[in-house]
Amino acid sequence: EKLRNLGLVEKTGEGAYAPKRNVDVEVVSDFVRVLGMMLPRFFFYSVLFTTMLITFLMVYPLRPDPQTVVALVFGITACAIFWIETLRVMKRRPF
């Protein structure tokens, strides 16, 4: 029934279950069920790094010193990579 709710199988007239289409099981393993929603694992990393970057910008004033520039480059790069991966996995979702 869980697979049917995800749209991966359908119930036939005889009461058996048959796959709706070929599904790459590895794609499903990239998701986590949270509060009834299937979210990509990368989503949590994206939120974490975005929150860290926003917190950094709120706590420390922007200055043109090397430490601030390096922190911003690392933070923005990590956010971009994780959000791109999150969206890429969402496009491949089988449900």
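**Guided tour: the α3/α4 pair and the whole chain**

Helices α3 and α4 are roughly antiparallel to each other, a label given to angles over 145 degrees. The model is predicted: local features need pLDDT of at least 70, side-chain atom pairs count only at pLDDT 80 or more, and totals for chains, interfaces and linings use all residues. Residues are numbered from 1 along each chain as its sequence is written, and side-chain values use heavy atoms, without hydrogens and water.

Select residues 41-59 for helix α3 and residues 66-91 for helix α4; their axes come within 8 Å and cross at roughly 155°. These axes are lines fitted to C-alpha atoms over the stretch in contact, with angles from 0 to 180 degrees between N-to-C directions. The crossing is left-handed, meaning that the near helix is turned anticlockwise from the far one by less than a right angle.

On α3, the residues include Phe42, Phe49, Leu53 and Phe56; on α4, among them are Leu72, Ile76, Phe82 and Trp83. By class, this contact has 16 nonpolar, five polar and one charged residues.

Now select the whole chain. It holds four helices and four strands, running α-β-β-α-β-β-α-α from the N terminus; these are DSSP runs (helices H or I, at least four residues; strands E, at least two). The C-alpha trace spans about 70 × 25 × 15 Å along its principal axes.

Finally, colour by accessibility: buried residues make up 19% of the 95 residues, buried being under 20% relative accessible area with a 1.4 Å probe, protein chains only.

Notes. Parallel < 35°, antiparallel > 145°, perpendicular 65-115°, else oblique. Contact = heavy atoms within 4.5 Å. Nonpolar A, V, L, I, M, F, W, Y, C, P; charged D, E, K, R; others polar. Buried < 20%, exposed > 50% of the residue type's maximum accessible area, 1.4 Å probe, protein only.
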